[in-house]
Amino acid sequence: MSHGYVPVGWTTSKKLYDAVLLLGVGMYLAAFVHFGAGDDQALRIKALGSCAFVLLTLVLAIGPLARLDKRFLPLLYNRRHAGVITCALAAGHAVAVLGWYFAYSPLAPLDALLVADTGSGHLRGFPFIPFGMAALLILVLLAVTSHDFWLSFLTPPVWKALHLGVYAAYGFVVIHVALGAFQQGDAFAVEVSVLAPLLVGLHLWSGWREWRRRKAAKAEWVLAGAVGDIAEGRAVVVRFADAEPVAIFRHEGRLSAVSHLCAHQNGPLGEGRVIDGCITCPWHGFQYRLADGCAPPPFTEKLATYRLELRGLDVMLDPRPNPPGTYVEPLVVA
Amino acid sequence: MSPADFFVGWDRRSGSANFRFLAVVAGVVLLVLAVLGGVAGRFLPRDASLFALSPLPPAEAPIDSVTLRGRISLRPVATVFVAPDASHPRMHSVLLSGDGKSGVSLAGSLTDGAMVSVTGLLLRRGSIDMLVVGEPVQPLAEPAIDVPAPVSLGRWRVAGEICDGKCQTGVMQPGQGLSHRACASLCLIGGVPPVLVTAQPIAGTQFFVLASADGSAPPAPGRLAGLPLLLEGEVERRGDLLIFKTDLGRAMLP
């Protein structure tokens, strides 16, 4: 930890982020309802549902975009806000459906939900509502566990595994639309058939780039990059197929390598910077000394350190980690 | 991106260069959302059924507190036949339903063919009228009016969609298609008369009361509601009421 630890509150960035998102959602809904035709309730249902899908696509696109271009990182740090807004839209869609198509029946809306959308024995008419319900349940689970409290309570690996469930939710939504609106020829089904492949393509692209980097990093001592690639006070991240990623920092003409994962909540240390002579995590400001990966006293967190060598202008990294807190003499480069 | 432009989650704001980049991203996101919303809404099918090739007549405004006196028929569905007038020279047939997604509630003592007085909200669309009965159906002690004998208009193979009669008369717009399937299914479970909407007019209409091949109410039509179907059956006219008698077990999904 560090004396500089700052719980992330409502910063200006977060307020702007949410304001843009809410404005975008408002513009989408207003445009949909303005240009659409039909009864108000059906329009509202379709506007909310399709907007939730578009926003969910955007949420899932942020990860690969940030891997391809670091300037997208601020969007990644606040991605949970977009996820919660998506969940609210999806819940609004479900409530509107329950309050319209499933209302005014002798059956309670939730009972009606279970008995009305039955199979016809053919693919056309295959129940599509259960897939939407499954997606909504996942989104609600992710939204309610999105706060840092749950990240800490569940531990980062469990929390991350849980939140990968968003991809299952996305798949269910695609099936929900494919069996419903798509067969009806609704225009927003075209959004799904365009946006979903784009999203898959974006993931494949960023994954391919990462695979190439990892493949290049399989040798015992690996080329981490040119000295000139590492900016003062910043880091480059070297990723491996079967080991933790490593962050190589430059500070006052010396290089030091530590684990890329913060000991607090697995935050991306390599995306942080050196402040007051310490590596500073971009998530919550946890700090570590460059040479031994230890948090400054009285704090006790430690990171694994790594050995570095200079060959000409190339920085070579030994990917075998030292025990956390092991002192490694920084590599003088200038 | 210089170190000064790097965003830190707990900083008050990101660096100026990154801020400019993010401002452009925000503008693009806003533009894309507005355009996507407009396009999706604009090109939403006006008529959600794949088979509704022929435009349906628009629903007329409901008329509240209408009282009808006529002869009730319980087969295939609860219908009141009102004596002919200038606008309905073949008699005026009005389907009956209850409030919400419920069929009309009739006293057990009410017999098929009795004269009754019914009051409620009149829904109209094309050739189909429905009364949402708001008060108990009153039997009348008067001689029953004559209803013309059923006339067969021949066997037909039609493309169409099964819906509940209430939504087709204008309660829902468009009240068709897969998105409306569960709603229609609930109405049919609740006892609202089933209606077949054909892709092309037959005998001048696209609305037919759906019946089994023997003329009784069809069993569980809700499972096929909202789907484009190919059906074969006999069209029958009773007064101005057109009935499509078919075996739903032989319905085909194209």
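In chain B, strand β9 (residues 205–212) and strand β11 (residues 241–246) run parallel and are joined by 4 bridges. The model under discussion is a predicted one. Within this pairing, Leu210(B) of the one strand stands opposite Phe244(B), a residue of β11(B). Strands of a sheet pair through backbone hydrogen bonds, and the pairing may be either parallel or antiparallel.

The pair belongs to a closed arrangement in chain B: 5 strands form a barrel in the order β7-β8-β9-β11-β10. Although β9 and β11 of chain B are parallel to one another, the pairing in the barrel as a whole is mixed. From one strand to the next, the twist averages 50 degrees.

Attention now turns to chain A, which is divided into two parts: domain 1 covers 12–214, and domain 2 covers 222–332. Taken over C-alpha atoms, the centres of domain 1 and domain 2 of chain A are separated by 37 Å. Where the two meet, 7 residues of domain 1 of chain A are in contact with 6 residues of domain 2 of chain A.

Which helices supply at least two residues each to the side of domain 1 of chain A that touches domain 2 of chain A? They are α7 (148–154) and α11 (187–216) of chain A. Of these, α11(A) gives the most to that side, with 3 residues. By class, the side of domain 1 of chain A facing this contact has 3 nonpolar, 3 charged and 1 polar residues.

Terms used: Residues numbered from 1 in each chain as written. Chains lettered and ligands numbered in written order. Predicted model: local features only at pLDDT ≥ 70, side-chain atom pairs only at ≥ 80, totals over all residues. Domains from an automatic or database assignment. Nonpolar A, V, L, I, M, F, W, Y, C, P; charged D, E, K, R; others polar. Pairing = 2+ DSSP bridges. Axes fitted to C-alpha atoms, helices over the stretch in contact; angles between N-to-C directions.
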